[in-house]
Amino acid sequence: MNQTIGTIEMVLLKAKTGYSEKQALDALTSLNNCMQQYSGFAQRKLARDENGLWMDLVYWTNKSSALHAAESIMQDSQALKAFEVIEQQGMKMYHFNPEVIFPS
């Protein structure tokens with residue numbers, strides 16, 4: 001990460017019943033193009049556990065950029081298509097202030 005990270009956004013979510021792991025991954029990956037357009041975006045990582053719970057980590061230069069993107073992305077037609085795969089009920093979003101970022 002070359003940029004200073006001021007906020008780490010963590011979203012915990014599951015795919016709706018009837019969608020495969022690949023369909024969920026494809027939908028979540030398609031959000032990369034949307035997110036990269038937002039000022040303050042630095043990096044994104046996805047992880048999945050054995051029970052189908054996804055963790056979406058997005059690194060932002062500041063919290064205001066993260067909040068602006070979270071609101072604005074709801075107007076993006078490509079993002080809305082990806083969100084059709086996500087179970088909205090039970091989805092949780094958190095914003096953290098990083099204390100220490102270790103080199104990769």
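Two strands pair if DSSP finds at least two bridges between them. Helices (H or I, at least four residues) and strands (E, at least two) are themselves DSSP runs, numbered from the N terminus. The model here is predicted, so local features need pLDDT of at least 70 and side-chain atom pairs count only at pLDDT 80 or more, while totals for chains, interfaces and linings use all residues. Residues are numbered from 1 along each chain as its sequence is written, and side-chain values use heavy atoms, leaving out hydrogens and water.

**Exercise 1. Find the partners of strand 1, and say how many bridges join strand 1 to strand 3.**

Step 1. Start with strand 3: 8 bridges join strand 1 to strand 3, and the two run antiparallel. Within strand 3, Leu-57 stands opposite Met-10.

Step 2. Now turn to strand 4 (residues 92–96), which pairs with strand 1 in the antiparallel sense over 5 bridges. Here Glu-9 has His-95 as its bridge partner.

Step 3. Check the surroundings. Strand 1 is largely enclosed by the rest of the structure, because 6 of its 8 residues are buried. Buried means under 20% relative accessible area, exposed over 50%, and partly exposed in between (1.4 Å probe, protein chains only).

**Exercise 2. Work out which residues Arg-44 touches and where its side chain makes polar contacts.**

Step 1. Locate Arg-44: this residue sits in strand 2 (residues 41–48). With a relative accessible area of 13%, Arg-44 is buried.

Step 2. Look for polar contacts (N or O atoms within 3.5 Å; within protein, one must be able to donate a hydrogen and the other to accept it, and residues adjacent in sequence count only if both atoms are side-chain atoms). The side chains of Arg-44 and Asn-32 are joined by one of 2.6 Å. A polar atom of the Arg-44 side chain also lies 2.8 Å from the backbone oxygen of Leu-28.

Step 3. Widen the view to contacts, meaning heavy atoms within 4.5 Å. Beyond neighbours within four places in sequence, Arg-44 is in contact with residues including Leu-31, Met-35, Asp-56 and Val-58.

**Exercise 3. Describe the largest nonpolar core, and name the element that gives the largest share of it.**

Step 1. Recall the term: a nonpolar core is a set of buried Ala, Val, Leu, Ile, Met, Phe, Trp, Tyr and Cys residues joined through side-chain atoms within 4.5 Å. The largest one has 21 residues, and those with the most contacts inside it include Leu-13, Leu-28, Trp-60 and Phe-83.

Step 2. Assign the elements. Strand 1 (7–14), helix 1 (21–35), strand 3 (53–60), helix 2 (63–72) and helix 3 (77–83) each give two or more residues to this core. Helix 1 supplies the largest share, 6 residues.

Step 3. Look for another core. One of 5 residues lies apart from it, with Ile-5, Met-10, Leu-57 and Tyr-59 among them.

**Exercise 4. Classify the 2 aromatic pairs that the structure holds.**

Step 1. Set the rule: rings of Phe, Tyr and Trp (its six-membered ring) pair if their centres lie within 6.5 Å; planes under 30 degrees apart count as stacked, over 60 as edge-to-face and the rest as tilted.

Step 2. Phe-41 and Trp-60 are 5.7 Å apart centre to centre with 80 degrees between the planes, an edge-to-face pair. Phe-41 lies in strand 2 and Trp-60 in strand 3, so the pair ties together parts 19 residues apart in sequence. Phe-41 is buried at 14% relative accessible area, and Trp-60 is buried at 1%.

Step 3. Tyr-94 and Phe-96 form a tilted pair, at 6.2 Å and 35 degrees. Tyr-94 is partly exposed at 33%, as is Phe-96 at 40%.
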